[in-house]
Amino acid sequence: MRLTRICASLFALWLPLAALAGPITTFQLENGLDVVVIEDHRAPVAVQMVWYRVGAADEAPGESGVAHFLEHLMFKGTETRAPGAFSDLVEANGGNDNAFTSWDYTAYYQRVAADRLDLMMALEADRMRHLRLDPETVLTERDVILEERSQRTDSDPGALFSEQRRAAQWLNHPYAMPIIGWRHEISELNRETALAFYRKFYAPNNAILIVAGDVTPDAVRGMAETHYGSLAPSDDLPPRLRPQEPPQLAERVIRFEDPRVAQPYVLRTYLAAARNPGDQGDAAALSVLAALLGGNPSTSVLGQKLQFETQKAVYATAFYDGLAVDDTAFGVMIAPSEGVSLPEAEAALDQALAEFLREGVDADQFARLKTQVRAEQVYGQDDVQGLAYRYGQGLATGLSLADIEAWPNLLDAVSPDDVMAAAAAVLDKRRAVTGWLSAPNADLAVTQ
C-alpha cells in the first residue's frame, strides 16, 4: 500500500491534475436548474446531489436555525408521499441518502445503483416543489432539533466554545450564527416560517444538480428534463448580499470555562480571504500555509516545534477552508502538555509562528508537502461521491466550473514566497480572535 501511494505521488508530479477527472458535462434547464454530469464508469454506481444556494447565513434576523430545520422537514413527506417514504424507498432500492446544512448551502444526496437514478430524480424533484408539512409533524421535528442541540452543542463545551468564538469573530456578518440556531430562536420556529423559507429558496433556479458515476450526459439530461424540467422557478429570489464585517482594529480574546473540559486548549482564528471567483491565488497560498504549519505532526512546522522540540503541546495544528461565499477564517490551535498553562501554551504558539515568519520555508519540507498535496488530488479522483461534493460545494459558494478545475494547478503553482506573503498578511493578531477553553480554576496564571 505504501509503495502504491509513493508511486501515485510521483506519478502526480508530472501528470496534469485536471486530466485525471472523468468527462464533465454541464447544461441548464429552461427553469434555471444547473446540471453537472461527472462520468465515472468503473462501477455501476451513481450519486445524485442537489445543492441549494442557501444556508444559515441567508436566514432572516430572529430565525436562526430555519435552514437546518427545513433540511429535517424535507424528509417529512410531499403531496404524494408519506413522511419517511423517501428514505424508505432509497433503502429498499439498495441505496443510502442523507443531507447537510452549512452557512452557505444545503445539500441532499443519494448513492444508488446506476439503474435506480431515474427513481432518485423522481423523488428529489417531488420534494423540491411539493413538500407537505403537517402542523403536528413540524412541532415534533422542532422538538427533535432542540434535543439535537442539547446533545451536540449544549452538552459539549467545545461546541459551546466554538459558538462563542464565532460570535466574537463576526460582529456584523451572519457567519456568527450557529447553523443549528440559537435555542431561544429554534423554539419559536413554526410551520409558516419553514414554508416561507422553502417557497423562496427551494426552486430549480436556486439549485445545482450534480450526478456522478456510471452515467451519460444524454441519459441524465433526459431524466432531468422529465423530473425537474416542469418545476416552476422562484420569481422572488433575493440577491445574495450579506452584511459585511467592519474593519477589525484589535485582537478579541475569549476565555470559556466549563467543568466538563478534560483537555484545555488555545485556539486562534484570523479573518482570511475565501476562494474568490476568478481570483483564488491568495486562497491557494493559505491552503498550502495551513498544511505546512499544521499538517502531519511529525513534519509540520507547529508539530515539530511544539510537540517534539519544546514538548509544550500534545497537539498543535493549523486549518483553513476557503470554500465560502464571503471572507472566512484561518486558524491555529495548541493543546498544552500536562503542567503547561494556557498562557505558556499561547506564548509557545506565538513564538513558533514568529520563528516561522523569521526563518521562512524549509525547502525540503516544502517539496515533501507539495508531493502530498498532489497525491491527495490523485486519490480524490477515486471517490465518485467526493467528486460530486467537490463540484457541488464550489458551485454553491459562487465559483465557476473553471475555478474548480483550476484549483489543483493553482495549489501546485504556489511558491515558498507566496506562502510567506500569505503568512505575513494573515497572521495579524489585530484581525484575530484568541480563545482559551479550560475547566474552572485551571492554572491560568501568566508565568514570568
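1. The buried residues of helix α2 pack against β4, β5 (106-113), α5 (135-154) and α8 (191-201), where packing rests on contact, meaning heavy atoms within 4.5 Å, and buried means under 20% relative accessible area, with exposed over 50% and partly exposed in between (1.4 Å probe, protein chains only). This is a predicted model, in which local features need pLDDT of at least 70, side-chain atom pairs count only at pLDDT 80 or more, and totals for chains, interfaces and linings use all residues. Residues are numbered from 1 along each chain as its sequence is written, and side-chain values use heavy atoms, with hydrogens and water left out. The helices (H or I, at least four residues) and strands (E, at least two) are DSSP runs, numbered from the N terminus.

2. Helix α2 spans residues 66-73, and because eight of its eight residues are buried, it is largely enclosed by the rest of the structure. The buried residues are V66, A67, H68, F69, L70, E71, H72 and L73, and E71 among them is joined to T101 by a polar contact of 2.5 Å between the two side chains. A polar contact here is a pair of N or O atoms within 3.5 Å; within protein, one must be able to donate a hydrogen and the other to accept it, and residues adjacent in sequence count only if both atoms are side-chain atoms.

3. T101 itself belongs to strand β4 (residues 96-101), and its relative accessibility of 13% places it in the buried class. Not counting residues up to four places away in sequence, T101 touches A67, H68 and E71, together with T106 and I179.

4. Y175 sits in the loop between α6 (157-169) and α7 (183-186), yet at 3% relative accessibility this loop residue counts as buried. Its side chain makes a polar contact of 2.9 Å with the side chain of D104. With neighbours within four places in sequence left aside, the residues in contact with Y175 are A57, W103, D104, R166, W170, R242, A324, V325, D326 and D327. R260, by comparison, is 85 residues from Y175 in sequence and 27 Å from it in space, C-alpha to C-alpha.

5. Helix α10 (residues 281-294) and helix α15 (residues 401-413) have axes that come within 9 Å and cross at roughly 60°; axes are lines fitted to C-alpha atoms, for helices over the stretch in contact, and angles run from 0 to 180 degrees between N-to-C directions. The two helices are therefore oblique to each other, on a scale where angles under 35 degrees count as roughly parallel, over 145 as roughly antiparallel, 65 to 115 as roughly perpendicular and the rest as oblique. A283, A284, S287 and V288 in α10 meet W407, L410 and L411 in α15. By class, that contact has six nonpolar, one polar and no charged residues, where Ala, Val, Leu, Ile, Met, Phe, Trp, Tyr, Cys and Pro count as nonpolar, Asp, Glu, Lys and Arg as charged, and the others, Gly among them, as polar.

6. α10 also packs with helix α16 (residues 416-426), at an angle of about 90° and with the axes 9 Å apart, which means that α10 is roughly perpendicular to α16. On the α10 side the contact is made by A285, L286, V288, L289 and L292, and on the α16 side by D418, V419, A422, A423 and V426. The classes for this contact are nine nonpolar, no polar and one charged.

7. Helix α11 (residues 301-309) and α12 pack at an angle of about 135°, their axes lying 10 Å apart, and they are therefore oblique to each other, with a right-handed crossing. V301, L302, K305 and L306 in α11 meet A348, L349, A352, L353, E355, F356 and E359 in α12, and these residues divide into eight nonpolar, no polar and three charged.

8. L349 lies in helix α12 (residues 342-359) and is buried, its relative accessible area being 0%. Apart from neighbours within four places in sequence, L349 is in contact with L302, L306, V332 and I334.

9. At 54% relative accessibility, Q311 counts as exposed.

How values were computed. Left-handed = near helix turned anticlockwise from the far one by under 90°.
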